[in-house]
Amino acid sequence: MFQGASSLSLDAKGRLSVPTRHRDALTQQAGGQLTITKHPDGCLMVFPRPAWEEFRERIAKLPMSAQWWKRIFLGNAMDVEMDGTGRVLVSPELREAAGLAKDAVLLGMGNHFELWDKATYDAKEAAAMQAEMPDVFKDFSF
């Protein structure tokens, strides 16, 4: 179960260092093999390979009416591997899609991560905090 936020910087080649607290789990779960793809909210999803395979199977079973979403998720997926120092290369196409240049935020989202451009994430989080909570939280106790 991945959780928590990490502020990261992409290097000049588009590589990011996976936070140490997640490296061991990713090595155990997936042998350091990850898959990165687009997320509809404008960030990237980063999956350990086994979690990606489950997600991919669910997406592949969607009906033809969801064909464009299949293309977005599956057609943009890139398999990557952590190097010896825990870095992964984010392709130029995926960096461009998420507006990633240098400063990023990696969020643990349970079985995967979201990778955001820091400024975009900060703006969207601030907007969400100012908006009214969704109905699903109306009876939720904090």
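The model is predicted: local features need pLDDT of at least 70, side-chain atom pairs count only at pLDDT 80 or more, and totals for chains, interfaces and linings use all residues. Residues are numbered from 1 along each chain as its sequence is written, and side-chain values use heavy atoms, with hydrogens and water left out. The largest nonpolar core holds 21 residues.

**Nonpolar cores**

- A nonpolar core is a set of buried Ala, Val, Leu, Ile, Met, Phe, Trp, Tyr and Cys residues joined through side-chain atoms within 4.5 Å. Buried means under 20% relative accessible area, exposed over 50%, and partly exposed in between (1.4 Å probe, protein chains only).
- In the largest core, Leu16, Leu44 and Leu115 have the most contacts inside it.
- At least two residues of this core come from each of β1 (2-9), β3 (33-38), β4 (44-48), α4 (92-98), β7 (103-110) and β8 (113-117). Helices (H or I, at least four residues) and strands (E, at least two) are DSSP runs, numbered from the N terminus.
- Another core, of 7 residues, lies apart from it; Phe47, Trp52, Ile59 and Phe73 are among its members.
- Leaving aside neighbours within four places in sequence, Leu44 is in contact with residues including Ile36, Val90, Leu94, Ala98, Leu100, Phe113 and Leu115. Contact means heavy atoms within 4.5 Å.
- Thr37, Lys38, His39 and Glu114 are also among the contacts of Leu44.

**Gly75**

- Gly75 lies in helix α3 (residues 67-75).
- Gly75 is exposed, at 62% relative accessible area.
- Gly75 and Thr37 are 38 residues apart along the chain, yet their C-alpha atoms are separated by 8.4 Å.

**Salt bridges**

- A salt bridge is a side-chain nitrogen of Lys or Arg within 4 Å of a carboxyl oxygen of Asp or Glu. Side chains of opposite charge can pair when their charged atoms come close.
- Arg15 and Asp11 form one, at 2.6 Å from N to O. Arg15 is partly exposed at 22% relative accessibility, and Asp11 is partly exposed at 26%.
- Glu57 pairs with Arg56, with the closest N and O atoms 3.8 Å apart. Glu57 is partly exposed at 41%, as is Arg56 at 32%.
- Lys118 bridges to Asp122, with the closest N and O atoms 2.9 Å apart. The two residues are 4 apart in helix α5 (residues 118-130), so about one helical turn separates Lys118 and Asp122.
- Lys118 is partly exposed at 30%, and Asp122 is partly exposed at 33%.
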